[in-house]
Each structure stands twice: as structure tokens, then as C-alpha cells.
Amino acid sequence: MGVLSVLKERGFIEATTHTQELEDYLENNKATCYIGFDPTASSLHVGSLVCIMALAHMQRHGHRPIGLVGGGTGLIGDPSGKTELRKVLTLDQIDENKAGIQKQLSRFIDFSEDKALMLDNAAWLTKLEYITFLRDIGRHFSINKMIKAESVRSRMESEDGLTFIEFNYMLLQAYDFMELAGTHDCLLQMGGSDQWGNIVAGIDLVRRTLGKQAFGITFPLITTASGIKMGKTHKGAVWLDPERFSPYEYYQFWVNTDDQDVTKFLALFTFLPMEEIEIVKKMDGADLNKAKTILAYEATKIAHGEDEALKSLKASASMFGSVEVPADLLPSASIPRGTLSCGTDESVPTSTYNKGAVVDKMFVVDLFCDADLCKSKSDARRLIKQGGAYINNERLESFEQVVVESDVNDGEILLRAGKKKYHKIILK
RNA sequence: GGUGGGGUUCCCGAGUGGUCAAAGGGAUCAGACUGUAAAUCUGACGGCUCAGCCUUCGGAGGUUCAAAUCCUCCCCCCACCA
């Protein structure tokens, strides 16, 4: 099956240009394709995962993906899908962020032997000269067309308006496409649905300047069943960087997937075969939790490796009781089968304290605050009053409670806030 | 540059001298119900040494027993005009 059909079947495709020609092109060529990533942070997050997975699928089908880091465009800021002007990044920040992004992408895509490329558009964009650029590139752009583009129009209508610097973003992205088409014969650009205007502009520019037919694919904006943009939690974005968002939290993020999203996410965010995912569609009720376990395991494995996935699985089993993974569910997944009742919980966040400074000295409340389970003492007070604070799985009744010897089991104290947030205290 | 309208607690948004830690909604958090889901219901939602106290309403001063609310200056945003 061609890569385009695979992507379509798995829910990646929102729109494509020249559908038939694109299909032929991908069938008959070892194509090069690219997606741009903004270096606005030193880590990518789940919001970019659709793009990343699409590149990975491309590579698995023998095509060559390019991850383009917008080191040059990051100096400008894309107005698409933004309601306000983005803060401009400094060169140093961009460099740092770029490095982080490259590292993460290499978990998903194989960059060895030029099977994939990582480029930075700063390489060509920062060398542009204004007059030359206007004359050679600017002439191909119609203001009439641009102001009709959704990204521009919505900003023109908003009271914040649109600055000239942002208005130019489209030209620069189109220039990127032209550059890549010229130097790497990259004729396919992909991106989120908010990139449609930019992609189409690039295709036009490639045709006008190089006389080549280029193509575009956009992905749908993935929202959860409750209508929220995918990848946002109370803690903000779900980062792929294990330093910002631990593999255990990442795993938990996927386990907490809404029932209605399970099959959609399995298709988008794992490589499990669709025939197996089809079966999950027929499942409902508590059974779906088993599928969520596999989703979480696979997603964690892809982003953080099998070891971390296994650790997270075990930690979850010991925190939330047993986890059952039937042998015949999604058989291609490498998750261990059977019932996992208890195990080490090494992936749960921990802190270490000096025992003498804690026992009979410290208030339990302070441990909650230090462990970031509560924002402040008032927060801790509320939590206790509402019965959401637990020490070793026993509800904490009093705000004034001090840690005592009997709270310590094997040199450890397990704190819990609400149903899902745990923190382990190790005493030395 | 001119004229007018604004900047309120995470967000939207009420509030024009005391009854204001500030309506309402959203988000969030906890509890109940569940399946580590959704929906629903209940409660919480600035901080603290918590029946009390302290710090917030763009910034700095001032008037007043008392200011988010009045005055002065400054900063920023928006609309229309140039």
C-alpha cells in the first residue's frame, strides 16, 4: 500500500494538493519531503507529534524526510493560527532550541546515511538581501491573494492587527520550499492545517521560479473528544523532553485518553497495523482501558524507548492496582502480556531527605509542598480539607500532622494528592 | 501627530469611594459516582503562623477616616482621522 493511502487510512490527511499527481509521484519516486518546526522552545511537544509521525511513515515507505528547523523564520514568527504577535526569539535561544529539537526528532526518524536530513533555514534566509528578494521573490506574490488568506484575514479582523514582519512570513516559508526544491529536489511540503496558505504559496513559487510541480499535504488539527487542542494539560504542553515531562507522566497522559479518542490515537500515534486497531473500535466500557494501556506503552516506547515504557507500565501497575493486557489485543504491540499486579515503582517522582530532619520534625504538609503536589500551603490546606491528601494511601485528616516513625515503610513515604498524583519520599 | 476608548485576580469579563480578595462564565483542583474515561452533582479556587492577618485591580505619587473606584504624571494597547 502506498504511503498516501496509509496516511489517509490512519487519519493524517486533512487536504492534499493535486491528489492524483501526488499519488503517482509518491508511487514512482523516492521522494523527498519536508516539514518545518518552529524553534520556539527547546523541546517539541505532543502537538507536533502528528507531523513527526507523518515523517516517520514517509521514511518507512522509502522516502526521505527533511526536518526543517526554522532558525531563520523563528526570528520572525508565523502569524498562522496565532491570535497575537509572537515574541521574537534571540539567536542564542534559537540555537539552543534547535539542538533540542534535532535530538528529539532523531528518536522518531533515522538520520543515518542521509536517510533523512535536518536543515536550518537560517542557512539561506539570513543571507537574503532585501532588494534582491523583493525583485526576485516579492514580484510573484499578490497582495490581493495574501490578504484573502485565512491566516492573514483573521489577524486583520482581530483588534491586534498584523505587523509587516508577520505579513512577510508567507514569503519566507515559500522561499524555503523553493530552496529545498532546488537543492534537494524536495517537492512535497507537509504541515498542520494552519499551514495550508503557506504551503500553497510555496508550491506556486516553485512552479513560477523553477518550473517544477510541487505538492502539499496538510494534517488535521487533532482535538480531543472534549474539543480541546490535543496535548494540553493543566501543566501546559505535553513535552517530548523527558526532563520537562517525565516518561511516567507521558505514559499517564496517554492512559488518560478519552474513550472516544482511543482508536484515533492508536492510528495516529503508534505504528500498530490498522487491522488490529479496527478491533478496538468495537470495544467499549472498561475494556477500553486495556487498549489505553497499549496505546500508552507504544507511545512511550516510540518517544522514550522500550525501557522507559516498561518502567512506566510497572509504575502504573503498582500505583493503580493490576494492569491486564490480553494476549490477543493488538498483538503487534511489544507490551508484555498477562496480568501485571505489582512491580517496582521506580518511575514515580521521588525526592530524598535526611531522615533525622523529617521524622518528628517536618509537617506532612511541607512534604506535599516540596514535592510539588501542592502549589502553596493554602493549597495543601484545601486538599486536606477536601479529603484529597493521602500518606501511604491513608487519608490525611489533619493539617497539623507531623511525620512520625510509623509513616515510614522501608525508608519510604508515599504521598498522594487526589487520585492520580503520587510522590515518593525516600529517607536516608 | 490629533481625537476617542481601554489596561481588573490563570483567561474572558462585571465592578465607578466603604457592604471588595473583588459578580458571572471558562479553565483548574478536590470529593461523590465510575473504568486512572466522559457526563453529572458538591465544594474549592491570592498568600500566610487561617474564626485572624497580609499583599493584589498597568506604574509612580496624591486626596480621604476609607480608593480597583477620585486627582496628577508616566507606560502600554485599540479604533477612527492625518
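What percentage of the 428 residues of chain A count as buried? For chain A, 40% do, where buried means that 20 or more other C-beta atoms lie within 10 Å of a residue's own, exposed means 12 or fewer, and partly exposed is in between, with C-beta atoms placed from the backbone.

A word on the ground rules, everyone. This is a predicted model, in which local features need pLDDT of at least 70 and side-chain atom pairs count only at pLDDT 80 or more, while totals for chains, interfaces and linings use all residues. Residues are numbered from 1 along each chain as its sequence is written, and chains are lettered from A and ligands numbered from 1 in the order in which they are written.

Now the overall layout. The C-alpha atoms of chain A fill a box of roughly 80 × 50 × 40 Å along the principal axes. Chain A has 19 helices and 15 strands; these are DSSP runs numbered from the N terminus, with helices being H or I of at least four residues and strands E of at least two. There is a domain 1 (3-219), a domain 2 (246-340) and a domain 3 (350-427), with bounds from an automatic or database domain assignment. Between the C-alpha centres of domain 1 and domain 3 there are 48 Å.

Let's go inside. The largest nonpolar core has 111 residues; such a core is a set of buried Ala, Val, Leu, Ile, Met, Phe, Trp, Tyr and Cys residues joined through C-beta atoms within 7 Å. Helix 10 (residues 169-184) gives the most to this core, 10 residues. Val 50 is among those with the most contacts inside the core. Leaving aside residues up to four places away in sequence, Val 50 touches Phe 12, Phe 219, Ile 222 and Leu 268, a contact being C-beta atoms, placed from the backbone, within 7 Å.

Val 50 is also one of the buried residues of helix 3, along with Leu 49, Cys 51 and others. Arg 60 is found in helix 3 too, but with 13 C-beta neighbours inside 10 Å, so Arg 60 counts as partly exposed. Just after helix 3, Gly 62 takes a positive phi of about 85 degrees.

Finally, the RNA. Around RNA strand B there are 32 residues, and the closest include Ser 316 and Gly 418; near means a C-beta atom, placed from the backbone, within 6 Å. Which helix gives the most to that surface? Helix 19 does, with 6 residues.

How values were computed:
Contact = placed C-beta atoms within 7 Å.
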